[in-house]
Structures are given as structure tokens and as C-alpha cells.
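Subject: Structure for you to look at

Hello,

Here is the structure I said I would pass on. Please open it and keep it on screen while you read the rest of this email.

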Amino acid sequence: MVKFLIKRTLGMVVTMFFVSIMIFVIMELPPGDYAERWAFRKFSGTGAQITEADLDNIRANFGLDRPAPERYLTWIKDIVLHGDFGQAFAFQTSVNNVIGQKIWLTLAILFSTLIITYTISIPVGMYAAVRQNSVEDHALTIFSYLGFALPNFLLALVLLYIMTTYFGTSVGGLFSPEYADEPWSKGKVLDLLSHLIIPAIILAWSATAFQLQTVRATMLDELNTLSVTAARARGVAEWKLLIKYPARLAINPVISTMGFDANRIFSELPIVALVLGLPELGGLLLKSYLDLDMYVAGAILLILTFMIVFMNFLSDILLAFLDPRVKLIEG
Amino acid sequence: MTSNNYPTLPPPEKDLNESEEAKRYYSASQFQLIWWRFKKRRIAKIGALVLIIMALSGLFAEFFGPYTGTTRVSESVLVAPQIPRFCNSEGCTLRPFVPSTISKRNPETLRMETKVDPSVRRDIYFFVEGEPYELLGFFPMNTHLFGVEEGTIHIFGTDSLGRDLYTRTLIATRTSLSIGIIGVIIAFILALIIGGAAGYFGGWIDYVIQRLTEIVRVIPVIPLYMGLAAAFPKEWSSSQVYFAMTLILALVGWPTLARRIRGKLLSLRGEDYVIAANLAGASPSRIIGRHLLPAFSSYIIVDLVISFPYMLLSETALSFVGLGLRPPTVSWGVLLQDAQTVRAIEQAPWLFIPALFVVVAVLSFTVLGDGLRDAADPYQV
């Protein structure tokens, strides 16, 4: 087990190293350099004349005059050693300040979405498999098709429209106005939880549709195994044998794709965040892309990817606990 | 899957004594067999039909639409959809008509409001002469499938600049489907080169490519490629952005395709006929192209169809947030930009109509892909 853990941890570090290189390349892509955009942000509207010398000064200040590999090393060194993600020029402050507690909000959204996804898809998928070809089963198949065809952000718009026209409530944002700028308190946490439900349901929409089909398919395979027939022959109660044999195995593929689910959720998060007005990393990522504030964008991309890599790591460990064969194969 | 591609097994569902039937079956080509199997799937056929209709109406958008999609009419801003009807208070006619409609700003709420006058008929005529356009970009024409002689007809309503949403949706269908097709083709070429190299050579090449693919797949897809799209220079022309977008869509799509091609090649490269070709001195690209690809071409087609909806959804998502195609290019995502907020949809729910097209197109591609997948292996019992 220790060997397994060490191997997985090393794998995580290597992956993050390559990911950070890719993200750095993306940060460098937009035309024009950081100094020009910074100067434009800072001095636009002030009437100040910016000369080439000023730009060179800014470049030297930020170390932009050095070659890209060296800049990459400084960037990643600051992140790893000091947890410093650099400067956000659109906000005139450090990236850490901008991102700050949004990380926790993002994690809250991720986990509430995952919880909703699994509490719905696992039991319902099993039910569909047990009642194969029933009306409910077909209805769930149609739902799965829709879960794929109706993207989450369109679903968000539809829900918002229905809510505002027929119920007259707004569901945007993560906090009620009275709590938005308050320090954390019990009331604020409860307020956050009540606001989390709608975005979490919307984000869970397609993930649920997908996992439901996975659970259903695995469950169907497992229902036809000899162990189930033997248990039935022994006279074990139907619900007992379902839990004892196929259900245990049917959740394995769900657990092994936890990282994939996190990836799917983060992939949809920025757009859903735009529609719902969520103050978390996804929406900020979108905004920083539109502003070409690449240090913020890079930091967010790095954090989101790290969360996904970590979810992969968690799912590997969980799977090794639940299904010891995994460890044997991978040594 | 068996590597034996000759129809030696009798079809289980057919009676062998029916000689005509059996003969037809044995002499049929692979694609004929696939077609016969596919024909039995009703839902997949409906999907295919819907897609053909969409493609045709997109291709001839200016003909099917009463306007050209760029004309702005200031007195018909945010007009609600005018639904063709046959009857009004003065009785019914065989000729369909729309009630006369004009939009006015409400002086109290400052909103644009549609005033409908059901007593004034705007008769719909077919094959009318209207705004000139170029069919398929070549043939100058001015005939439209339908139109009205006086007033306006907007069966999907108009947007905030007074442009006909119906025509624009059809044009958007053309853009979105075509960008998807080009994206799929480029993704396929990329996947063929990368997955082909990994699957055919195996060993360390395979290992490196696999690890790199895994790393790309770990970064959230849409945010990653939003980064590329954000880097498009603002001064790019709309056709430059269009082609850059096809590249991005290809990047979104290639890893899945590459993995499939790799898997198939890995399972086939030990076959006798591959070794024979190798001994005869054929180059790797010839062996892959001539001997290996045809062995699983039907699977590739299925995979291409299945990857199509991802392209459509990615394009819609990127354009929707303003990081993909930009006006004046019209695509589903660009049209939906107008429906980004609840307030906009509340004021003009019809701006959401393009979303229905997205959903229907993705659904059709999905059921078509499922049907094709089941039909793709005609020798499978």
C-alpha cells in the first residue's frame, strides 16, 4: 500500500509539472505582452504618454525582459515555494488577493455537485438496471440523452427563466445581498448552502445523466453473473443479494471516473457561472480571459487542474481500498 | 471483434433455405450489410432525416428565409414571432397569412412592445421576389421560398436590431454544422497521425504519446481551449477567426479519436496480412492506409459521427461567452449571446429558439451515432 501511495504521489507531481508547462504556454499566447497591457490598464484615461522607455521599465520590473524558460522557472518557483501566483493587472493587486477565498467557494460547488450526482445516479442507475426495459428504464434513457444534448448553461437559462416568470424569485449569485460583504458566520454559511443547490443541480445535470448510464450498464453485466444466480438459488432475499454482489461492483466505475467528473464540472463551470453570476473561479477565469489577464487565468487553470489531479489521486486510492485487484495489477 | 472479415457465418436471424435471401446476403458488400442493419433502426433514421433537413435548410438559408439576415428594420425591433394562420375575425381563407405587426416603445416601461393588428392580413406568397442574395455564394438570385408583399413576416421574431431571427437561425445552422464538419476532419487527421504512430509503432513512442494525451486530458477542456480562443487577435477577420475555431474544435476532439485508432491498430498490427505487407517492403504509412484502416473504416465513421455533437456543443459554448466566433459571423452560439441573461429572455423569449436547434442537432447526432454503432459490425452475431 505504501509503495502504491508513493507511486501515485510521484505520478501526480510529474503530471502537474507538464500541466504547468502547458498552462504557461497558453499564458504566453495572446498577442502583445504583459507590460503593454499593464501600462494600458494603468494609464488609459489618465492622459499620460507612455513611451517605449516606460514599457521597458515595466518589463524590467516584472522580469519580462528575460527569456521564457527563465520566466517559467520564476513563476513556478514562486508558486511552489511561496504560494505566490504573481500580479493581476486588471485588479491592480496580487493574484492571490483576487483568487483568495474563491477557491473555497469553488470547492464547495464541486463537492455539492459531486454529492448530488452520486446520490442520484447510483441508486437510480441500479434501479433502471434491475427493471430493465420497463417504462421507467426507457424514461431514464431519454433523460440521459437530454442530459447530453441540453448543455448545462442552456439548462441554467431555462431554469432561471421559469423561476423568474412563474415564481418571481431570482436564483443568481451565491449569497443573498445582505450577506455578500459580511464576514463568515453561521447565517452566511446557511445562506451559501441554500444558494449552492441551484448551481449544483445544474452542474450535476450532465454528469448525472452520464454516470446513470455507466451504473446501469455495469449493473446489467453484474446481474448476469453466476454469483447472483447462486445466491438466488440459495434463497437469499433479492434486495440483499443485489447489495451484496452486483451493487458493490457497479460503483467501481463511478469511483474510478471521479476525476473525470470533476473535469466535466470545471469544464462547464465558467459558462454556468456567467449565466448564474457565481462569484467563484470559473466565472473569474472567463473574465480574466476576456481581459487577457493571463496571470489570473493561468493561476485558476492551474488550481482547477490540480483539484482534478487530486480527485484522480483520491479515486485511485478509494478504488484500491474497495477493489484490491487494482493494486495487484498496477503493483 | 473478430479479425475475419469474410461473411462465412450464416446470418442467425435468416432462414438458410430461403435461397434468394441468403444469396443476396452472402454476395452483399460490407457497406450494404451495414446499410441493411441500419435501415432497421427507426430512431436513427429519424435522426439522419432531421440532420439532412437541417443541412439543406442551412445550405440554402437565404432561399428558405424571407430575408437575408443582415437587413435591419428599425420599426420591427424585438418583434414577437408571427405565426402563420388561416383565420381571423373576418373568416378563413386557404392562403395563410400573418397579422400585421409593428413594434413600439412603451413610453412607461421603455420596453419594445409588439403591437398586433389581427384585422390587417399580410398574405403569404410562395416563391416571391425579395432581397437579392447569392445562392451557395455563387448564383445571384432574389427568389425566396415565401414572403409577404406588404409589411413584414418574422416567424421566429426579430432581434434587438430588427433582423429576422428565422433567416439568421438558418444561416447559423450552416455555420455551426460546417465548422463542426471541418473540425471533425481536422481532428480525424490529427488523430490518425498521432494515434496511428502510437498504435502502429507501439513501444516507447506509444508510451510517450499516451502520457502526453493523459496530461492534456486532465486539464478541463473548455477552459483550456478558451485560453487559446482568448489569444485570437482582435483585428482578425471573421474568416480567420472561423478557421482558428475549427482548429480549436479539432484540438478538443482529437484525443478520443486518437485513442480509438490506437486501440484498433494495436489489436490488428500482429495480423498475418500486416506482417506479409511488411515483409513485402511496404512503408508504414502504406500499411496503415491500405491494409489497416479499411479493416475498421466503419468504426471510424461511427466515431466521427459520435464526436460531432462535442464539436457543436463546444462551438456553441465558446461563442456564447464571446470567446469563439464573433459577429458578423452568425452561429448558434453567437445568436445565443443575445439570450445570455434572464432579463433578455424575459423580454424576448424567442431569442432562445436557436438553443432548440442545438438540442435537436445534438440529439439527432447522438441517436444516429448509436444506430450506426450497432450497425457498424454487420458480421457480429
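Below is what was found, going from whole chains to single residues. Keep in mind that this is a predicted model.

Chain A

Chain A contains 16 helices and two strands. It has 331 residues, of which 36% are buried. If you take the contacts in chain A with a separation of 6 or more, 70% of them are between residues 24 or more positions apart.

The mean pLDDT of chain A is 81, with 87% of its residues at 70 or more. Confidence within chain A is highest in helix α6 (residues 102-130), at 88, and lowest in helix α16 (residues 325-330), where the mean is 60.

One residue to look at here is N133(A). N133(A) sits in the loop between α6 and α7 (135-149) of chain A. Its phi is near 70 degrees, a positive value in a residue that is not glycine. That deserves a second look because most residues other than glycine have a negative phi. Is N133(A) buried or exposed? N133(A) has 8 other C-beta atoms within 10 Å, so it counts as exposed.

Chain B

Chain B has 14 helices and four strands. Its C-alpha trace spans about 80 × 60 × 35 Å along the principal axes. Of the 381 residues in chain B, 39% are buried. Among its contacts between residues at least 6 apart in sequence, 71% join residues at least 24 apart.

Where the domains touch, nine residues of domain 1 of chain B are in contact with nine residues of domain 2 of chain B. On the domain 1 side, the residues divide into four nonpolar, three polar and two charged.

- G157(B) lies in the loop between β4 (139-148) and α5 (165-201) of chain B. It counts as buried because it has 22 C-beta neighbours inside 10 Å, and the cut-off for buried is 20 or more. Setting aside neighbours within four places in sequence, G157(B) is in contact with V79(B), A80(B), P81(B), L165(B), A348(B) and W350(B). T114(B) is 43 residues from G157(B) in sequence, and the two are 10 Å apart in space, C-alpha to C-alpha.
- P327(B) and P328(B) are joined by a cis peptide bond, with omega about 10 degrees. P328(B) belongs to the loop between α11 and α12 (332-336) of chain B. Most peptide bonds are trans.

Where the chains meet

How many residues does each chain bring to the contact? Chain B brings 31 residues and chain A brings 38 residues. On chain B, the helices that each supply at least two residues to the side touching chain A are α6 (203-218), α7 (221-230), α11 (297-320), α13 (342-347) and α14 (353-375). The largest share of that side, seven residues, comes from α7(B). By type, the residues on the side of chain B that touches chain A are 25 nonpolar, five polar and one charged.

Regards

Key. Residues numbered from 1 in each chain as written. Chains lettered and ligands numbered in written order. Predicted model: local features only at pLDDT ≥ 70, side-chain atom pairs only at ≥ 80, totals over all residues. Contact = placed C-beta atoms within 7 Å. Nonpolar A, V, L, I, M, F, W, Y, C, P; charged D, E, K, R; others polar. pLDDT = per-residue confidence, 0-100. Buried ≥ 20, exposed ≤ 12 C-beta atoms within 10 Å, placed from the backbone.
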